[in-house]
Amino acid sequence: MSELIEPPGAEQTADAHAAPEPPAPIAPPRPADVPADALYVHALDIEANGVARRDDGKVVFIEGALPGEWVRANVHRKKNNWEAASLLQVHRESSQRVRPPCPHFGLHTGACGGCKMQHLHPAAQVAIKQRVLQDNLWHLAKVRPEQLLRAIHGPSEGYRWRARLSVRHVIKKGTVLIGFHERKSRYIADMQTCKVLPPWVDALLMPLRGLIASLDARDQVPQLELAVGDNATALVVRHLVPLTDADRAALRAFAKAHPAARIQWWLQPKGPDTVHLLDDSAGADGEAPLHYALPEFDVVHPFKPTDFTQVNPHINRVLVGQALRLLDVQKHERVLDWFCGLGNFTLPLATQAAQVLGIEGSPALVARAQANWQLNQQRRLQTKTADTPHLSALAATEYVARDLFEMTPEQLAADGPAPKWLVDPPREGAFALCKALVALCQDPALAQGVVPAWQAPQRIVYVSCNPATLARDAGLLVHQAGYRCTAAGVVNMFAHTAHVESMAVFERSPAHG
């Protein structure tokens with residue numbers, strides 16, 4: 001499988017195609033029945049466009065083309081050293097090309113832009129994402145993991161339990177549109193079905209159109225946010241004007257009419273902090289808190305629908321288990337969980353460690369995470385019986401709020417030593433944290449006035465949603481802080497998209513103490 005080409009740098013830009021490319025590959029001989037203007041596709045870029053080269057070496061990025069194919073393309077943008085095009089015709093088809101499961105996927109006018117890779121076999125998607133991780137680590141950081149972890153992947157349909165759907169009452173069409181945006185457009189796709197949403201949510205798309213169309217506020221509802229928990233399907237209505245009593249009654253009636261979906265209505269009149277549960281929300285086990293469980297660790301996470309939780313709950317369960325096995329926490333050890341959020345990793349860590357410190361940038365999330373810990377601690381103490389001897393009390397756990405993008409060596413030392421770290425940053429990565437760690441590793445005296453016994457962690461498990469920032473941070477850890485990248489692998493959290501989630505393990509070389 002050909003590599004996924006990605007621009008060097010932390011962020012993707014409109015001109016990412018202008019990034020330097022590896023040496024031009026040699027195309028196979030042109031088949032006799034393939035026309036002279038056909039191009040051979042040798043790779044994919046980070047946006048899942050096919051990458052070809054003209055005879056003069058100029059790169060052509062072809063939307064819809066796959067590696068190994070001979071294609072004709074329609075060029076719609078030209079630069080000095082690259083061109084952007086869309087697929088016109090396939091003369092030699094890749095063995096990995098498949099029929100997209102969704103009728104709204106494709107290059108046609110009005111096609112949905114939510115997915116990028118439905119035309120590529122799911123197994124091939126995983127292989128390509130594994131390659132982009134390796135390429136980023138090597139080309140951006142000169143780091144090669146000692147072991148490639150087996151890729152984590154799961155269902156390629158029905159996995160998206162979180163989504164932000166745009167809403168528009170289109171008077172000219174006499175209908176309401178609900179869905180993702182059209183590809184390369186600000187318009188909403190006429191999305192009558194969506195195969196990556198849970199089946200019961202997919203079945204609600206058309207009825208929801210009718211519901212919104214019936215509201216007095218139908219022209220003032222720009223968005224529906226979806227957040228599915230183990231016990232309910234939360235739908236957050238963003239409304240620009242107050243909802244009338246009739247509108248509120250219509251929401252309740254809709255929930256009652258679709259009991260299998262267990263709809264829980266939430267309202268958002270202004271910013272995210274104004275989100276609140278619609279009173280008397282029927283069909284969702286009363287008003288039980290929205291939550292998800294991690295059965296392997298016997299913990300439950302209550303959350304609000306606008307909180308950050310993983311899009312794919314099936315993969316999240318496997319991801320957390322894998323991360324903790326790789327970290328290999330012992331009962332006597334202290335662990336630091338950086339960018340801990342609501343405690344997706346912190347609570348499982350508290351079932352294994354002696355002490356856990358969760359660090360997060362948002363004071364509100366820190367308060368909620370602490371409440372989640374208390375709830376789970378109480379639950380475990382109340383339910384432990386002779387039949388559940390494994391339900392021991394959670395480890396002592398503290399949460400603190402701190403700006404992790406302004407971390408200093410002194411702040412890091414003040415958090416105290418811990419032999420194991422779990423790092424799960426947003427797309428921006430953990431640059432300031434890694435820089436602070438590098439400074440302490442290179443000059444331990446910086447910690448002497450704060451915590452004289454401070455020591456660098458022996459092992460770090462880094463969960464990343466951006467391979468470029470992971471590579472940048474890996475370069476710091478390996479080349480400046482004395483760590484080895486002992487393992488790395490991808491997590492296919494977002495099937496059919498070009499998004500690459502990954503995990504890497506770093507261990508401190510014995511020579512560095």
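How many cavities of 30 Å³ or more does a search of the whole structure find? The search finds three.

## Basis of the report

This is a predicted model, in which local features need pLDDT of at least 70 and side-chain atom pairs count only at pLDDT 80 or more, while totals for chains, interfaces and linings use all residues. Residues are numbered from 1 along each chain as its sequence is written, and side-chain values use heavy atoms, with hydrogens and water left out.

## Cavities

A cavity is here a set of points, on a 1 Å grid over the protein atoms alone, where a 1.4 Å probe fits but cannot get out, and its lining residues have an atom within 4 Å of a point. Grid points are joined across faces, edges and corners, and a volume is the space filled by probe spheres set on the points. The largest cavity holds about 100 Å³ of space. Its lining is made up of 14 residues, and Cys-102, Cys-112, Cys-115, Gln-118 and Cys-194 are those that lie nearest its centre.

Helices (H or I, at least four residues) and strands (E, at least two) are DSSP runs, numbered from the N terminus. The expected span of a helix is 1.5 Å times one less than its number of residues. Helix H1 covers residues 122–141, and its 20 residues should span 28 Å at 1.5 Å a residue, which agrees with the 28 Å between its end C-alpha atoms. Buried means under 20% relative accessible area, exposed over 50%, and partly exposed in between (1.4 Å probe, protein chains only). Just after H1, Lys-142 takes a positive phi of about 55 degrees.

Helix H10 (residues 467–480) has 14 residues and reaches 19 Å from its first C-alpha to its last, close to the 20 Å expected at 1.5 Å a residue. H10 is mostly covered, with 10 of its 14 residues buried, among them Pro-467, Leu-470, Asp-473, Leu-476 and Leu-477. The cover over these buried residues includes H1, helix H9 (431–442) and strands S19 (459–464), S20 (483–491) and S21 (501–508), where contact means heavy atoms within 4.5 Å. At the start of H10, a side-chain oxygen of Asn-466 reaches to within 3.0 Å of the backbone nitrogen of Ala-468, and after the helix comes Gly-482, whose phi is positive, near 80 degrees.

Two strands pair if DSSP finds at least two bridges between them. Strand S15 (residues 334–338) pairs in the parallel sense with strand S16 (residues 355–360) over five bridges, and Val-335 stands opposite Val-356 in S16. S15 also pairs in the parallel sense with strand S18 (residues 420–423), over four bridges, and there Asp-337 has Leu-422 as its bridge partner. Arg-334, Leu-336 and Trp-338 point one way from S15, Val-335 and Asp-337 point the other way, and all are buried.

Lys-420, found in strand S18, is buried, with a relative accessible area of 5%. A polar contact (a pair of N or O atoms within 3.5 Å; within protein, one must be able to donate a hydrogen and the other to accept it, and residues adjacent in sequence count only if both atoms are side-chain atoms) of 3.0 Å joins the side chains of Lys-420 and Glu-333. Leaving aside its neighbours within four places in sequence, Lys-420 is in contact with residues including Arg-334, Val-335 and Leu-336, as well as Pro-457 and Arg-459.

An open sheet of six strands runs in the order S8-S7-S9-S10-S11-S12, with mixed pairing. Its edge strands are S8 (175–179) and S12 (276–277), each of which pairs on one side only. Strand S7 (residues 162–170) and S8 pair in the antiparallel sense over five bridges, with Val-167 opposite Ile-178 in S8.

Glu-225 lies in strand S9 (residues 223–228) and is buried, with a relative accessible area of 7%. The side chains of Glu-225 and Arg-164 are joined by a polar contact of 3.4 Å. Beyond its neighbours within four places in sequence, Glu-225 is in contact with residues including Arg-162, Ala-163, Leu-235 and Pro-305.

## The S13–S14 hairpin

Strands S13 (residues 291–294) and S14 run antiparallel and are joined by four bridges, and they form a hairpin with four residues between them, in whose turn Asp-298 has a positive phi of about 55 degrees. His-291 has Pro-302 in S14 as its bridge partner. Both faces of S14 (residues 299–302) are covered, with Val-299 and His-301 on one side and Val-300 and Pro-302 on the other, all of them buried.

Conventions: On a 1 Å grid over the protein atoms alone, a cavity is a set of points where a 1.4 Å probe fits but cannot get out, and a pocket is an open set with protein on both sides within 12 Å along at least five of seven lines; lining residues have an atom within 4 Å of a point.
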